[in-house]
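Trainee: I would like a close look at one part of this model, the ligand site and how it sits in the fold. Please take me through it in order.

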Amino acid sequence: MEIYKQIWDKIEKAENIMLIAHINPDGDALGSSLSLYPILKKMGKKVTVFNATKPLPDYLDFLPNFNKVTDKLPKKIDLTISLDCGSFDRLGLDEKPSFLINIDHHVSNTNYGDINLIEPNHASTSQVIYDILKANNIEIPTDTAVCIYTALITDTGSFQYESVNDKVFECAAEMVRCGVKPDYVAKMLFQRDRLSRLRLLAKAYETIEMCCDGKVAFVEVTKEMMEITGAIKEDTDTIVNSVRAIAPVEIACMLREDDEGIKISLRSKNYADVSKIAVKYGGGGHIRAAGATLKGEFNFEKVKNMLKEDLAKEVKNNK
Ligand code: 5GP
Ligand code: MN
């Protein structure tokens, strides 16, 4: 495809390149950023992998070149490539860079780049990178493959979501041929849990509230719960997914007390579009996974009552 070549042409011509992903990065955000690092270095580029969040989630610390990620902006940048970031404000930058390539798979992406490559049907941004590398006949080193594969696993819930198709498995298979050991990645991601996280889950699960004939479920995480259990922000990442797994639930919603306000995380199972709801509250995401932060004078009850109407409509509208 023409845009894949156009992107590579821009990369070849640039000398100082910054790779950047959304704040509070997940496996796809960091995996996608770091996947390009070894390739660009080998091409002789000066590469900065920037992320505004500190500290970074340590469950991803096995990603090759994880320690290269910095929260300091470089002095000179010719080209910025944003990865897995749906809107400019989530990059954590004050100013728009001189030239920005926006590579993503969020359906809500606002096309804030000078070049925008948005593939909403791709399971991860890393899968888009794989397509770019393939289209340009770029050899994939093992370090890159580990990043692409990890991002695929984390963004598909270990190959469970509707975004998973033959192309996703082809990409994964190719990454294994490039040197990825799937059991190693699985152990790094899923067998290094923290006791504090499990203690937090126990407290959060007690708050589950079902409504709309069990089609909607809410779960709460307060600052107090975090303090008592010693849990950290990333320990809350999968709570909402587990709540969605309850049999009748179509939409699960987690509310979390944050410094900036109340963070909501939405997940749907079969038909509901939660991206639409997140966008309404100033956030964004995918049809089946989206989020937003409500700033201002809110408490859990207020947010729940507000959301209940939207969620009830969404689960009723469809089937
Ligand atoms: P999570 O609920 O895990 O934070 O996020 C689920 C999905 O929604 C992710 O793809 C994430 O990028 C997106 N998302 C979460 N919060 C926000 C937000 O405040 N703004 C936007 N644009 N997207 C968000
Ligand atoms: Mn992603």
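Trainee: How many Å separate the centres of domain 1 and domain 2, taken over C-alpha atoms?

Mentor: The centres of domain 1 and domain 2, over C-alpha atoms, are 27 Å apart. Eleven residues from domain 1 and 14 residues from domain 2 make the contact (heavy atoms within 4.5 Å). Domain 1 covers 2–190 and domain 2 covers 195–317, with bounds from an automatic or database domain assignment.

Some ground rules. The model is predicted: local features need pLDDT of at least 70, side-chain atom pairs need 80 or more, and totals for chains, interfaces and linings use all residues. Residues are numbered from 1 along each chain as its sequence is written, chains are lettered from A and ligands numbered from 1 in written order, and side-chain values use heavy atoms, without hydrogens or water.

Now the site. Ligand 1 lies between the two domains, because both domain 1 and domain 2 give residues to its shell. Around ligand 1 are 14 residues (a heavy atom within 4 Å). Arg90, His106, Lys263, Ser265 and Arg267 come nearest. By class, the shell has three nonpolar, eight polar and three charged residues. Here Ala, Val, Leu, Ile, Met, Phe, Trp, Tyr, Cys and Pro are nonpolar, Asp, Glu, Lys and Arg are charged, and the others, Gly among them, are polar.

S10 (262–268), S11 (284–285) and S12 (289–294) each supply at least two shell residues. S12 gives the largest share, four residues. Strands (E, at least two residues) and helices (H or I, at least four) are DSSP runs, numbered from the N terminus.

Next, the atoms. An N or O atom in the side chain of Ser265 is 2.7 Å from an oxygen atom of ligand 1. A polar side-chain atom of Arg267 lies 2.8 Å from a ligand oxygen. For Arg90, the distance from a polar side-chain atom to an oxygen of ligand 1 is 3.0 Å. The protein buries 81% of the 490 Å² that ligand 1 exposes when taken alone (Shrake-Rupley areas, 1.4 Å probe).

Thr222 is buried, because its relative accessible area is 19%. Buried means under 20%, exposed over 50%, and partly exposed in between, with a 1.4 Å probe and protein chains only. Leaving aside neighbours within four places in sequence, Thr222 is in contact with Glu257 and Phe300.

Then the backbone. The peptide bond from Lys54 to Pro55 is cis, with omega near -5°. Pro55 sits in the loop between strand S2 (46–50) and strand S3 (69–70). Asp84 is not a glycine, yet its phi is positive, about 65°. The loop between strand S4 (79–83) and strand S5 (100–104) holds Asp84. Asp84 counts as buried, because its relative accessibility is 1%.

Phe159 also has a positive phi, near 60°. Phe159 is found in the loop between helix H4 (142–155) and helix H5 (166–177). At 21% relative accessible area, Phe159 is partly exposed.

Last, helix H3 (residues 125–135). H3 is mostly covered, with nine of its eleven residues buried. Among them are Val128, Ile129, Tyr130, Ile132 and Leu133. Just after H3, Asn137 takes a positive phi of about 55°.

Definitions and conventions
Polar contact = N/O pair within 3.5 Å; in protein donor to acceptor, adjacent residues only side chain to side chain.
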